[in-house]
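Hi everyone, thanks for coming. Let me put the model on the screen and walk you through a few parts of it.

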Amino acid sequence: MVQPILGIHHVTAIASDPQRNLDFYTEVLGLRLVKRTVNFDDPGTYHLYFGDEAGSPGSILTFFAWPMAARGRAGVGQVEITSFSIPAASLTFWEQRLLAAGTPAVRSESRFDEEVLRFTDPDGLNLELVGHSGSDVPGRAWRDASVPVQHAIRRFYSVTLCEQGYESTADLLETMGFRKVGEQGNRFRFDVGQGGAGARVDVLCASEAPFGNIAAGTVHHVAWRVSDDEAQLAWRKQLLNKRLNATPVIDRCYFHSIYFREPGGVLFELATDPPGFATDEPAEKLGETLKLPPWLEPHRTKIEHVLPPIQLHTPVKESG
Ligand code: ZN
(Lines give C-alpha, C1' and ligand atoms only; values in the text may rest on other atoms or scores of the structure.)
Protein backbone atom coordinates (compact mmCIF):
# COMPACT_ATOMS: atom_id res chain seq x y z
CA MET A 1 0.00 0.00 0.00
CA VAL A 2 1.52 3.31 -1.10
CA GLN A 3 1.61 6.06 1.54
CA PRO A 4 -1.07 8.61 0.60
CA ILE A 5 -0.38 12.00 -0.90
CA LEU A 6 -0.92 14.50 1.91
CA GLY A 7 -1.98 17.65 0.06
CA ILE A 8 -0.24 20.65 -1.54
CA HIS A 9 3.48 20.91 -0.72
CA HIS A 10 4.32 24.14 -2.57
CA VAL A 11 3.41 26.23 -5.57
CA THR A 12 6.16 27.79 -7.71
CA ALA A 13 5.44 30.85 -9.82
CA ILE A 14 7.42 33.38 -11.85
CA ALA A 15 8.10 36.96 -10.82
CA SER A 16 10.03 39.75 -12.50
CA ASP A 17 11.57 42.21 -10.00
CA PRO A 18 12.75 40.25 -6.91
CA GLN A 19 12.58 43.23 -4.51
CA ARG A 20 8.99 44.05 -5.49
CA ASN A 21 8.10 40.37 -5.10
CA LEU A 22 9.77 40.19 -1.67
CA ASP A 23 8.03 43.36 -0.46
CA PHE A 24 4.58 42.20 -1.57
CA TYR A 25 4.66 38.74 0.00
CA THR A 26 6.32 39.73 3.27
CA GLU A 27 4.90 43.21 3.85
CA VAL A 28 1.44 43.00 2.29
CA LEU A 29 0.53 39.31 2.64
CA GLY A 30 2.57 38.81 5.83
CA LEU A 31 4.28 35.61 4.75
CA ARG A 32 7.79 34.86 5.97
CA LEU A 33 10.74 34.68 3.59
CA VAL A 34 11.84 31.17 4.61
CA LYS A 35 14.63 30.69 2.07
CA ARG A 36 16.73 33.02 -0.02
CA THR A 37 18.51 30.93 -2.60
CA VAL A 38 19.05 30.67 -6.35
CA ASN A 39 17.30 28.68 -9.04
CA PHE A 40 19.47 25.54 -8.98
CA ASP A 41 18.97 25.17 -12.76
CA ASP A 42 19.73 28.87 -13.43
CA PRO A 43 21.98 30.03 -10.55
CA GLY A 44 22.28 33.63 -11.75
CA THR A 45 18.66 34.21 -10.64
CA TYR A 46 16.90 34.10 -7.28
CA HIS A 47 14.59 31.42 -5.99
CA LEU A 48 12.63 32.98 -3.11
CA TYR A 49 10.47 30.84 -0.79
CA PHE A 50 7.65 32.30 1.30
CA GLY A 51 5.60 30.47 3.90
CA ASP A 52 4.46 30.28 7.49
CA GLU A 53 6.80 30.57 10.49
CA ALA A 54 8.64 27.32 9.68
CA GLY A 55 7.96 27.11 5.96
CA SER A 56 5.70 24.12 6.61
CA PRO A 57 4.72 22.02 3.60
CA GLY A 58 1.30 23.30 2.52
CA SER A 59 2.22 26.94 3.15
CA ILE A 60 5.08 27.46 0.70
CA LEU A 61 4.75 29.77 -2.32
CA THR A 62 8.03 30.09 -4.20
CA PHE A 63 9.19 32.33 -7.03
CA PHE A 64 11.75 32.22 -9.77
CA ALA A 65 12.55 35.93 -10.02
CA TRP A 66 13.56 36.78 -13.58
CA PRO A 67 13.96 40.58 -13.81
CA MET A 68 13.68 40.63 -17.61
CA ALA A 69 10.73 38.21 -17.83
CA ALA A 70 7.82 39.28 -20.01
CA ARG A 71 4.31 39.15 -18.57
CA GLY A 72 2.71 35.72 -19.09
CA ARG A 73 -0.92 34.79 -19.45
CA ALA A 74 -2.95 32.38 -17.35
CA GLY A 75 -4.97 29.89 -19.33
CA VAL A 76 -5.55 26.29 -20.31
CA GLY A 77 -2.85 23.86 -19.18
CA GLN A 78 -1.91 25.89 -16.13
CA VAL A 79 -2.58 26.42 -12.47
CA GLU A 80 -4.81 29.43 -13.02
CA ILE A 81 -5.40 30.46 -9.41
CA THR A 82 -3.55 29.89 -6.17
CA SER A 83 -5.81 30.21 -3.12
CA PHE A 84 -4.87 30.76 0.51
CA SER A 85 -6.93 29.93 3.59
CA ILE A 86 -8.07 32.62 6.01
CA PRO A 87 -10.72 32.70 8.75
CA ALA A 88 -14.16 33.65 7.39
CA ALA A 89 -14.22 36.63 9.80
CA SER A 90 -11.01 38.07 8.28
CA LEU A 91 -12.35 38.87 4.80
CA THR A 92 -13.12 42.52 5.56
CA PHE A 93 -9.71 42.98 7.21
CA TRP A 94 -8.00 41.70 4.07
CA GLU A 95 -10.23 43.66 1.72
CA GLN A 96 -9.20 46.88 3.49
CA ARG A 97 -5.54 45.90 3.82
CA LEU A 98 -5.19 45.03 0.15
CA LEU A 99 -6.94 48.23 -0.91
CA ALA A 100 -4.63 50.29 1.33
CA ALA A 101 -1.65 48.56 -0.31
CA GLY A 102 -2.90 49.58 -3.76
CA THR A 103 -4.07 46.04 -4.60
CA PRO A 104 -7.86 46.23 -4.86
CA ALA A 105 -9.52 42.86 -4.36
CA VAL A 106 -12.93 41.76 -5.55
CA ARG A 107 -15.31 39.46 -3.71
CA SER A 108 -16.45 36.72 -6.02
CA GLU A 109 -19.87 35.18 -5.70
CA SER A 110 -19.95 32.57 -3.01
CA ARG A 111 -18.39 29.28 -4.14
CA PHE A 112 -19.42 26.07 -2.41
CA ASP A 113 -20.73 28.33 0.42
CA GLU A 114 -17.36 30.04 0.94
CA GLU A 115 -16.52 33.67 0.37
CA VAL A 116 -13.61 34.44 -1.88
CA LEU A 117 -11.47 37.55 -2.24
CA ARG A 118 -9.66 37.71 -5.56
CA PHE A 119 -6.65 39.88 -6.46
CA THR A 120 -3.34 39.80 -8.30
CA ASP A 121 0.25 40.25 -7.16
CA PRO A 122 2.47 42.99 -8.72
CA ASP A 123 3.31 40.66 -11.64
CA GLY A 124 -0.34 39.82 -12.30
CA LEU A 125 -0.37 36.39 -10.59
CA ASN A 126 -3.95 35.34 -9.78
CA LEU A 127 -4.42 34.90 -6.04
CA GLU A 128 -7.39 34.29 -3.78
CA LEU A 129 -8.10 34.37 -0.09
CA VAL A 130 -10.83 31.90 0.82
CA GLY A 131 -12.66 32.65 4.06
CA HIS A 132 -13.95 29.51 5.70
CA SER A 133 -14.58 27.90 9.04
CA GLY A 134 -11.96 25.49 10.35
CA SER A 135 -9.12 27.66 9.01
CA ASP A 136 -7.53 28.09 12.42
CA VAL A 137 -4.32 26.14 12.79
CA PRO A 138 -2.72 27.65 15.88
CA GLY A 139 0.97 28.34 16.12
CA ARG A 140 1.92 28.35 12.46
CA ALA A 141 1.52 31.98 11.37
CA TRP A 142 4.70 34.05 11.24
CA ARG A 143 4.81 35.83 14.61
CA ASP A 144 6.87 38.78 13.33
CA ALA A 145 4.58 39.58 10.38
CA SER A 146 2.85 42.93 10.16
CA VAL A 147 -0.48 41.07 9.88
CA PRO A 148 -2.19 40.45 13.24
CA VAL A 149 -1.95 36.74 13.95
CA GLN A 150 -5.73 36.16 14.08
CA HIS A 151 -6.01 37.27 10.44
CA ALA A 152 -2.82 35.66 9.16
CA ILE A 153 -2.61 33.43 6.11
CA ARG A 154 -1.79 29.98 7.49
CA ARG A 155 -1.52 27.84 4.41
CA PHE A 156 -2.93 27.18 0.99
CA TYR A 157 -6.59 26.53 0.51
CA SER A 158 -6.41 25.04 -3.00
CA VAL A 159 -5.09 25.38 -6.50
CA THR A 160 -7.34 25.73 -9.54
CA LEU A 161 -6.24 23.96 -12.71
CA CYS A 162 -7.56 25.32 -15.99
CA GLU A 163 -8.17 22.45 -18.42
CA GLN A 164 -9.54 21.91 -21.91
CA GLY A 165 -11.38 18.80 -20.76
CA TYR A 166 -11.41 17.30 -17.32
CA GLU A 167 -11.72 13.50 -17.66
CA SER A 168 -8.05 12.60 -18.18
CA THR A 169 -6.90 14.92 -15.39
CA ALA A 170 -9.66 13.57 -13.12
CA ASP A 171 -8.51 10.04 -13.88
CA LEU A 172 -4.92 10.88 -12.89
CA LEU A 173 -6.07 12.68 -9.74
CA GLU A 174 -8.01 9.56 -8.76
CA THR A 175 -4.88 7.45 -9.34
CA MET A 176 -3.10 9.85 -6.99
CA GLY A 177 -5.74 9.21 -4.31
CA PHE A 178 -7.93 12.28 -4.88
CA ARG A 179 -11.72 11.92 -4.73
CA LYS A 180 -14.37 14.16 -6.25
CA VAL A 181 -16.17 16.08 -3.51
CA GLY A 182 -18.12 18.73 -5.41
CA GLU A 183 -19.24 20.15 -8.70
CA GLN A 184 -20.48 23.66 -9.48
CA GLY A 185 -20.97 24.64 -13.12
CA ASN A 186 -17.69 23.89 -14.91
CA ARG A 187 -15.75 23.53 -11.63
CA PHE A 188 -14.94 20.04 -10.32
CA ARG A 189 -13.54 19.81 -6.80
CA PHE A 190 -11.22 17.05 -5.59
CA ASP A 191 -9.78 16.37 -2.12
CA VAL A 192 -6.93 14.13 -1.07
CA GLY A 193 -6.00 12.69 2.34
CA GLN A 194 -7.82 14.55 5.09
CA GLY A 195 -9.29 16.92 2.49
CA GLY A 196 -10.25 20.56 2.98
CA ALA A 197 -7.81 23.48 3.04
CA GLY A 198 -4.40 22.51 1.73
CA ALA A 199 -5.56 19.16 0.38
CA ARG A 200 -7.83 20.39 -2.38
CA VAL A 201 -7.71 21.01 -6.12
CA ASP A 202 -10.40 22.50 -8.36
CA VAL A 203 -10.42 21.52 -12.01
CA LEU A 204 -11.97 24.26 -14.12
CA CYS A 205 -13.13 22.88 -17.45
CA ALA A 206 -12.70 25.83 -19.85
CA SER A 207 -12.68 24.32 -23.32
CA GLU A 208 -13.06 27.71 -25.04
CA ALA A 209 -10.27 29.45 -23.11
CA PRO A 210 -6.89 30.13 -24.74
CA PHE A 211 -3.81 28.19 -23.72
CA GLY A 212 -1.73 29.89 -21.06
CA ASN A 213 1.72 31.30 -21.60
CA ILE A 214 4.14 30.63 -18.75
CA ALA A 215 6.15 33.78 -17.91
CA ALA A 216 6.01 36.46 -15.18
CA GLY A 217 2.79 36.39 -13.20
CA THR A 218 1.96 32.75 -13.89
CA VAL A 219 2.45 29.49 -12.00
CA HIS A 220 5.30 27.25 -13.12
CA HIS A 221 4.24 24.09 -11.26
CA VAL A 222 2.42 22.72 -8.24
CA ALA A 223 4.02 20.21 -5.88
CA TRP A 224 2.14 17.60 -3.86
CA ARG A 225 3.31 16.31 -0.47
CA VAL A 226 4.70 12.84 0.09
CA SER A 227 5.81 11.80 3.57
CA ASP A 228 9.29 10.52 2.70
CA ASP A 229 11.67 9.15 0.05
CA GLU A 230 10.15 5.68 0.17
CA ALA A 231 6.65 6.99 -0.53
CA GLN A 232 8.03 9.11 -3.37
CA LEU A 233 9.68 6.11 -5.05
CA ALA A 234 6.49 4.08 -4.68
CA TRP A 235 4.48 6.89 -6.31
CA ARG A 236 7.06 7.21 -9.08
CA LYS A 237 6.51 3.55 -9.88
CA GLN A 238 2.74 4.04 -9.98
CA LEU A 239 3.13 7.01 -12.34
CA LEU A 240 5.41 5.07 -14.66
CA ASN A 241 2.78 2.30 -14.70
CA LYS A 242 0.32 4.99 -15.85
CA ARG A 243 2.80 5.70 -18.68
CA LEU A 244 3.60 9.15 -17.27
CA ASN A 245 7.14 10.33 -17.81
CA ALA A 246 8.25 11.06 -14.24
CA THR A 247 11.79 12.38 -13.77
CA PRO A 248 14.30 10.63 -11.54
CA VAL A 249 14.49 11.98 -7.97
CA ILE A 250 16.15 15.42 -7.86
CA ASP A 251 17.73 16.82 -4.68
CA ARG A 252 16.27 20.28 -4.01
CA CYS A 253 18.11 20.47 -0.65
CA TYR A 254 14.94 21.32 1.34
CA PHE A 255 12.94 18.45 -0.18
CA HIS A 256 13.42 15.76 -2.80
CA SER A 257 11.43 16.03 -6.00
CA ILE A 258 10.11 14.21 -9.03
CA TYR A 259 8.29 16.02 -11.83
CA PHE A 260 5.77 14.92 -14.43
CA ARG A 261 3.14 16.57 -16.59
CA GLU A 262 -0.51 15.73 -15.95
CA PRO A 263 -2.57 14.95 -19.07
CA GLY A 264 -3.97 18.51 -19.29
CA GLY A 265 -0.46 19.99 -19.43
CA VAL A 266 0.09 21.28 -15.87
CA LEU A 267 3.53 20.48 -14.46
CA PHE A 268 3.16 18.44 -11.26
CA GLU A 269 5.86 17.63 -8.72
CA LEU A 270 5.89 15.22 -5.79
CA ALA A 271 8.03 16.69 -2.97
CA THR A 272 9.01 15.07 0.32
CA ASP A 273 8.15 16.74 3.64
CA PRO A 274 11.71 16.31 5.01
CA PRO A 275 14.26 17.71 5.45
CA GLY A 276 12.67 21.20 5.46
CA PHE A 277 14.18 24.68 5.59
CA ALA A 278 16.10 24.57 8.88
CA THR A 279 18.63 22.19 7.33
CA ASP A 280 21.24 24.83 6.38
CA GLU A 281 20.41 27.75 8.72
CA PRO A 282 18.73 28.06 12.15
CA ALA A 283 14.91 28.25 12.20
CA GLU A 284 15.01 31.76 13.73
CA LYS A 285 17.25 33.06 10.91
CA LEU A 286 15.39 31.65 7.91
CA GLY A 287 15.65 33.77 4.78
CA GLU A 288 18.07 36.35 6.16
CA THR A 289 21.08 35.44 4.03
CA LEU A 290 21.72 33.82 0.66
CA LYS A 291 21.97 30.04 0.95
CA LEU A 292 23.49 27.93 -1.81
CA PRO A 293 23.53 24.17 -2.31
CA PRO A 294 26.95 22.56 -1.68
CA TRP A 295 27.66 22.17 -5.41
CA LEU A 296 27.19 25.91 -6.04
CA GLU A 297 29.05 27.12 -2.93
CA PRO A 298 32.44 27.24 -4.77
CA HIS A 299 30.84 29.80 -7.15
CA ARG A 300 29.37 32.02 -4.40
CA THR A 301 31.42 35.16 -5.22
CA LYS A 302 30.42 35.07 -8.87
CA ILE A 303 26.76 34.32 -8.06
CA GLU A 304 26.54 37.15 -5.51
CA HIS A 305 28.04 39.50 -8.07
CA VAL A 306 25.40 38.62 -10.66
CA LEU A 307 22.32 38.67 -8.39
CA PRO A 308 20.61 42.04 -7.93
CA PRO A 309 20.79 43.14 -4.26
CA ILE A 310 17.55 42.69 -2.31
CA GLN A 311 16.64 43.85 1.16
CA LEU A 312 14.29 42.26 3.67
CA HIS A 313 12.57 45.00 5.68
CA THR A 314 11.57 44.57 9.31
CA PRO A 315 7.78 44.51 9.44
CA VAL A 316 5.81 46.94 11.58
CA LYS A 317 3.00 45.19 13.44
CA GLU A 318 -0.49 46.45 12.66
CA SER A 319 -2.88 46.39 15.59
CA GLY A 320 -5.79 44.23 14.80
ZN1 ZN B 1 8.82 22.77 -6.98
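Let's start with the open sheet, which has eight strands in the order E2-E3-E4-E1-E13-E16-E15-E14, with mixed pairing. Strand E2 (32–39) and strand E14 (250–251) sit at the edges with a single partner strand each, so one side of each has no neighbour in the sheet. Please keep in mind that this is a predicted model.

Inside that order, look at E1 (residues 8–15) and E13, which pair in the antiparallel sense over five bridges.

How many cavities of 30 Å³ or more does the structure hold? There is one, and the volume of the largest cavity is about 40 Å³. Its lining is made up of Gly-77, Gln-78, Val-79, Ile-214, Val-219, His-220, Arg-261, Gly-265, Val-266 and Leu-267. Strand E5 (78–87) and strand E13 (219–226) each give at least two residues to that lining. By type, the lining has five nonpolar residues, four polar and one charged.

Now for the largest pocket, with about 280 Å³ of space. It is lined by 14 residues, and the closest to its centre are Arg-32, Trp-142, Asp-144, Glu-284 and Glu-288. The lining of this pocket divides into six nonpolar, two polar and six charged residues.

Next, helix H3, residues 167–175. Which of its residues are buried? They are Thr-169, Ala-170, Leu-172 and Leu-173. Looking down the axis of H3, you find these buried residues within an arc of 160°, so they line one face of the helix. And what lies over them? The cover includes helix H4 (229–241) and several strands, among them E9 (155–163), E11 (187–191), E12 (200–205), E15 (256–261) and E16 (267–272). Just after H3, Gly-177 takes a positive phi of about 100°.

One more positive phi, and then I'm done. Strands E6 (residues 106–111) and E7 (residues 114–120) run antiparallel and are joined by four bridges. Ser-108, for example, has Val-116 in E7 as its bridge partner. The hairpin has two residues between the strands, and Phe-112 takes a positive phi near 45° there.

Technical notes: Residues numbered from 1 in each chain as written. Predicted model: local features only at pLDDT ≥ 70, side-chain atom pairs only at ≥ 80, totals over all residues. Heavy atoms only, no water. 1 Å grid on protein atoms, 1.4 Å probe; cavity = no way out; pocket = protein on both sides within 12 Å on 5 of 7 lines; lining within 4 Å. Points joined across faces, edges and corners; volume = space filled by probe spheres on them. Nonpolar A, V, L, I, M, F, W, Y, C, P; charged D, E, K, R; others polar. Pairing = 2+ DSSP bridges. Buried < 20%, exposed > 50% of the residue type's maximum accessible area, 1.4 Å probe, protein only. Arc of directions from axis to C-beta. Contact = heavy atoms within 4.5 Å.
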